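Look over the fold below before reading on. The paragraphs that follow walk through it one part at a time.

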Amino acid sequence: MVSTMLISLVVFIITRSTTAAASTSVSKHQIHHMHKFQTQPHDIVRTVLSNVQQTAINDEGDSLSLLDIDVSSTQLDDNAAVSLVEELLKLLQNDDTAEEKKVPLRIKLALAMNKITPFGASKLIDALINRSDNNMEEDEIEETTTNGTTIVGEEEVGNNVDVEDIDIDVDVDATTQVTGDDDATTQVEEPSILIEELDLSFNDIGGGGNGVHPPSTKLFDSIRRMFESNDRSSLVPRVLELENCGIGPIFCRSIGRGILTAYESKTRTANSNNRRPSVLHLGGNSDIGDAGCVALAASLRMAIDENSNEPVLEELDLSSCDIGDAGAEALALAISSNHGCILRLDLSNNKISDAGCKALARAIVDSRLCSGITFEEIILDNNSIGDEGASVLAEALGCGASKSISLRSCTIQAQGMAAFGSAIATLSNRKDCDSNHFHVDLSGNKFGLKKIKKKKSSAGRIKDKASSNIKFVGKTLMGAAKRFSSESMGISADSDDDEEIMGGLVDDIDEENDIDDGRKLISCGAQAFVAEILRADQPSTTEKSNRQISIDMRQCCLDDAAIDALSASIVGSKAIQLSIDVSMNGFDEDIVDALAHENNEEDLLSSMAEEHMEYMDRLANARQQQRAEEAIGFGFSDDEFDLGYDEEYDYNQYDDYDPYDDF
């Protein structure tokens, strides 16, 4: 049965021109090729090469700098994929104008979701690192699993791994040895062609998981040599994407060995021109687990180069890899031991708890304090992280140790939100930060008080503002009855926010949290967040600094009172430019734009902030009145408890009276 597939080949052409002042302007020209092909691999390869050749012919001088080729989901097999890579490189390297280009040609090649096997992936990698050996036969290995332990040959990798005991053997092949004077410096010309990105995701090449192909020692050797970054490997991709490929701990161990070999060779030769993958995406490989994560962390920890400040990996994506606290703590050890070894880390959709989060947060802070290196981004979305872990991670934000923190869809409540509010207040007053842009994503944490409802528009808010005081009186009266019934049932408030709910001062409770003896009391995380910001000492200057902090609070069950409070935090933040994304909470677009500082909604923002401050004044008065009532007894006035103290009456006249004197 012959079917047709849609193939998209997108070619981006970026032209650069340099002026006399050494400024560079970049213009992009995009050419899209959308074709329908029958699923013959050779037709796909021929069409792609034809498009690339035509693009090279139309190129003028040094204008072509980025070539993006995407042949994903085209059912390419091993032969077709390897043939495409080899012919593509041959075509571009034979270009007569390649050596004359001032800007090297960068290639992005996507081969995701095809039929590439471990053997094909190995041949493809060998073609890129110029080590192809057509006579090499593929050696397969047996994998035996016993009690969670993977045995390969004489090596054993278990899931229960001691972080301190992990080590990776450095075995430098004769082919990677570099001879010559260590002190000599060699001028290496900029190559005319560079592989910017290689995407092999969703191909069964790892030999694990639910794949049908067994592990391949040849692939393990090829991936190790790719990360060794010898002098001839200018075609090694900078970005390597291997998501959902069935990769396991042995594959990660091979990557780690390659990294260590590269740093061993780099130390001996003092050669800074080596090229190897610096962005590694391994998301969706659930077989990696803690064992694979620890293997990668060990290489990051030991790959130390005292002569360079470059990171071992700029970015590491281990999302959805079944990693727990052991793997997180191993990465934390690497970050704290080898400062700056990694700048971006994605551990979302794993099994990390507060313990692993705290270890990572403390390592990031330690790296900042010891070396001054700022972590670019840490992503811990959809993990079992609550207030305890979030509070420690907030400290990393407060000292400027991390520019971006993402904790989406975790279990953060009021305590964790208060910690982030305090961190923002601290950050706003710091003078030693390397960056003026910080970002925190707390979306999907249900720290609001009620389920999402439609918030009134700006016109409706102004119209109904006059009736808000009348409604407040009614809520207070209802709250008195609730307070009386709650006390009679023995329900007590554990916090100030709980007391506000029981007293009717906050009449927003999620109906889904009902319990038999009453309603489950929850506090608003947005209110706690704002309280810490407004409580902090603000500078006397009225001019805001250039420091920008953006907070994402999408789908957080925010109510009207929370929006008013967040508006007050934005208006009251004098030292920073604070913006908050509250979309997907059921509010009108103008309200969302106001908190995000878009479309000049400053008047609406000020109006909502004013409502919050008025509400806080009413709340303070209500609390004062409540304390006065509790002091004299519930439901009685001062006159009813007036004992009529008479200043002229001698209340001490019976102090010396002895009742037994009369007998």
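Which helix lies across β14 and β15? Helix α9, residues 387-398, does, and α9 runs at about 150° to β14. Axes here are lines fitted to C-alpha atoms, for helices over the stretch in contact, and angles run from 0 to 180 degrees between N-to-C directions. Helices (H or I, at least four residues) and strands (E, at least two) are DSSP runs, numbered from the N terminus. This is a predicted model, where local features need pLDDT of at least 70 and side-chain atom pairs count only at pLDDT 80 or more, while totals for chains, interfaces and linings use all residues. Residues are numbered from 1 along each chain as its sequence is written, and side-chain values use heavy atoms, with hydrogens and water left out.

Start with the sheet. It is open and has twelve strands, with parallel pairing. The order is β3-β4-β8-β9-β10-β11-β12-β13-β14-β15-β18-β19. Two strands pair if DSSP finds at least two bridges between them. β3 and β19 (577-581) stand at the edges. Each has a single partner strand, so one side of each is left without a neighbour in the sheet. From one strand to the next, the twist averages 15°. In a regular strand, side chains alternate between the two faces of the sheet.

Strand β3 (residues 66-70) pairs with strand β4 (residues 105-110) in the parallel sense, over five bridges. Leu66 has Arg106 in β4 as its bridge partner. On to the next pair: β4 and strand β8 (residues 193-199) are parallel too, over six bridges. There, Leu109 stands opposite Leu198 in β8.

Ser216 is found in the loop between β8 and α4 (217-228). Is Ser216 buried or exposed? Ser216 is buried, with a relative accessible area of 1%. Buried means under 20% relative accessible area, exposed means over 50%, and partly exposed is in between (1.4 Å probe, protein chains only). Ser216 and Ser122 are 94 residues apart in sequence, yet 8.8 Å apart in space, C-alpha to C-alpha.

Move along to β14, residues 402-406. Four of its five residues are buried, so β14 is largely enclosed by the rest of the structure. Strand β13 (residues 375-379) runs parallel to β14, and four bridges join them. Phe375 has Ser402 in β14 as its bridge partner. β13, α9 and β14 make a right-handed β-α-β unit. A crossover is right-handed if, with the strands pointing away from the viewer, the path from the first strand over the helix to the second runs clockwise. The chain then crosses from β14 through α10 to β15, and this β-α-β crossover is right-handed. β14 and β15 pair in the parallel sense over three bridges. Ser406 stands opposite Asp441 in β15.

The loop between β14 and α10 (414-428) holds Ser409. Phi of Ser409 is near 55°, a positive value in a residue other than glycine. Ser409 counts as partly exposed, at 37% relative accessibility.

Ser550 stands opposite Ser579 in β19. The loop between β18 (548-552) and α15 (560-572) contains Cys557. Phi of Cys557 is near 60°, a positive value in a residue other than glycine. Cys557 is buried, with a relative accessible area of 13%.

Helix α14 (residues 525-535) also has a buried side. Among its buried residues are Phe529, Val530 and Ile533. The buried residues of α14 pack against α10, β18, α15, β19 and α17 (602-632). Contact means heavy atoms within 4.5 Å.

Last, confidence. pLDDT is the predictor's confidence in each residue, from 0 to 100. The mean for the protein is 75, and 63% of its residues reach 70 or more.
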